Amino acid sequence: MLITDQHPNNRSITVAVLGAPNVGKSSLINYLLGMNLSVVTSRPQTTRNRYHCVFTVDHTEIILVDTPGLHRSNKEFNKRLNQQAREGSEGADLNLLIIDLSGEVMQQFFDFKENFGRELAPTWIVFSKADLIENVEALPLTEVVEKARELLPEIEKHFVISAKNGDNVHLLTGAICDRAPSSPHLYMDGSVSNKHERFFVTEYIREQVFNLIKEEVPYEVAVVVEEYEDYREKNIPNKVGTSISAAILVNKPSQRGILVGAGGSMIKKIGMAARERIEEMVGGQVFLKLHVKVSENWFSNNFVLEEIGLPRALDSNRVWRKK
Ligand SMILES: Nc1nc2c(ncn2[C@@H]2O[C@H](COP(=O)(O)OP(=O)(O)OP(=O)(O)O)[C@@H](O)[C@H]2O)c(=O)[nH]1
Ligand SMILES: [Mg+2]
């Protein structure tokens with residue numbers, strides 16, 4: 001959409017946030033946005049889709065692209081996650097490559113080079129989780145970046161930040177603003193994402209599955225919104241707020257029981273916690289109805305994968321057909 005009558009000083013920049021799973025991409029984005037838009041959990045492969053997260057500083061619009069963590073895998077599902085990450089950087093003016101200081105630093109550069117597998121736009125390194133490192137100033141990060149530049153010549157500079165306590169994040173914001181070219185804004189004032197609220201409904205339900213259920217089950221869960229009715233602007237008797245019905249897909253019948261819990265206690269907990277998050281997002285009362293559906297091998301089913309925003313990747317194994 002073209003937004004007319006823009007201020008002549010307007011600038012806009014698109015910044016892809018890339019890196020391995022669990023390095024703190026979504027946490028940094030949330031810190032910059034000043035809200036918990038993206039889902040953050042302590043486990044890898046939380047983010048599954050690429051999407052825009054938008055905020056403005058004075059006349060500068062900053063469009064951050066959250067992406068799934070790039071990783072090596074031959075599984076169809078993971079190939080599609082990686083494809084989302086690669087596509088997330090398409091058309092970006094700048095990439096932030098997040099490197100977790102609490103992990104194997106040099107290995108993350110090697111893995112990124114291998115998994116990303118093509119040319120990059122100008123790239124800044126953001127060393128994250130600095131709060132976990134004692135005496136971070138003593139680390140030879142300038143030398144590390146020099147070495148990394150041999151692999152990734154697009155690297156321009158680096159930052160050392162913590163998304164937990166906000167250390168140095170202002171330096172990054174300032175540098176991104178300085179880098180932003182003169183341009184009309186692409187989003188209307190107040191827009192925070194290119195994804196609809198329905199997408200975030202599925203994310204916030206999945207988030208609670210991650211928070212409340214341990215081990216592998218959350219990885220085998222997908223959420224699909226089946227009904228979404230916004231009655232807030234409509235004048236219908238006895239209808240207020242937003243009414244949402246969603247299915248939680250599981251991969252095996254045994255997982256159904258875990259999701260539902262004794263006497264429905266688990267699904268109730270998931271629903272209550274997710275509803276709070278969704279009410280905060282939509283700014284009003286939400287009626288959330290959840291049910292669990294067994295969809296065996298949904299992560300190999302093209303129809304389900306398309307539904308949750310993961311179209312076929314360039315390196316997909318084959319065309320997946322519904323039985
Ligand atoms: N101590 C500390 N923990 C952090 C920091 N940034 C992120 N974390 C934690 O690291 C974990 C992963 O954070 P996410 O933001 O979900 O990481 P991600 O890179 O988006 O992960 P995926 O979406 O799985 O690729 C969470 O437990 C965060 O709380 C940080 O600066 N300091
Ligand atoms: Mg994430």
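Helices (H or I, at least four residues) and strands (E, at least two) are DSSP runs, numbered from the N terminus. The model is predicted, so local features need pLDDT of at least 70 and side-chain atom pairs count only at pLDDT 80 or more, while totals for chains, interfaces and linings use all residues. Residues are numbered from 1 along each chain as its sequence is written, and side-chain values use heavy atoms, with hydrogens and water left out.

Two residues with a positive phi lie in loops. Asn 135, in the loop between strand 5 (123-128) and helix 4 (141-151), has a positive phi of about 55° although it is not a glycine. Glu 215 also has a phi of about 55° without being a glycine; its place is the loop between helix 6 and strand 7 (221-230). Most residues other than glycine have a negative phi. Asn 135 is exposed, with a relative accessible area of 53%, and Glu 215 is exposed at 66% (buried means under 20% relative accessible area, exposed over 50%, partly exposed in between; 1.4 Å probe, protein chains only).

Phe 210 is placed in helix 6 (residues 197-212). At 3% relative accessibility, Phe 210 counts as buried. Its C-alpha atom is separated by 10.0 Å from that of Val 39, 171 residues apart along the chain.

The magnesium ion (ligand 2) is coordinated by Ser 26 (OG) and Thr 47 (OG1) at 2.0 to 2.1 Å. Ser 26 belongs to helix 1 (residues 25-33) and Thr 47 to the loop between helix 1 and strand 2 (51-57), so the pair ties together parts that are 21 residues apart in sequence. Both Ser 26 and Thr 47 are buried. Donors are N, O and S atoms within 2.8 Å of the metal (3.2 Å for Na, K and Ca); water is not among the atoms, so sites may look incomplete.

Ligand 1 has 22 residues around it, of which Lys 25, Ser 27, Gln 45, Thr 46 and Asp 131 come nearest (a residue is near if one of its heavy atoms lies within 4 Å). Polar contacts are pairs of N or O atoms within 3.5 Å; within protein, one must be able to donate a hydrogen and the other to accept it, and residues adjacent in sequence count only if both atoms are side-chain atoms. Oxygen atoms of ligand 1 lie 3.0 Å from a backbone N or O atom of Asn 22, 3.1 Å from a side-chain N or O atom of Lys 129 and 3.3 Å from a backbone N or O atom of Lys 164.

Note on methods: Chains are lettered from A and ligands numbered from 1 in the order in which they are written.
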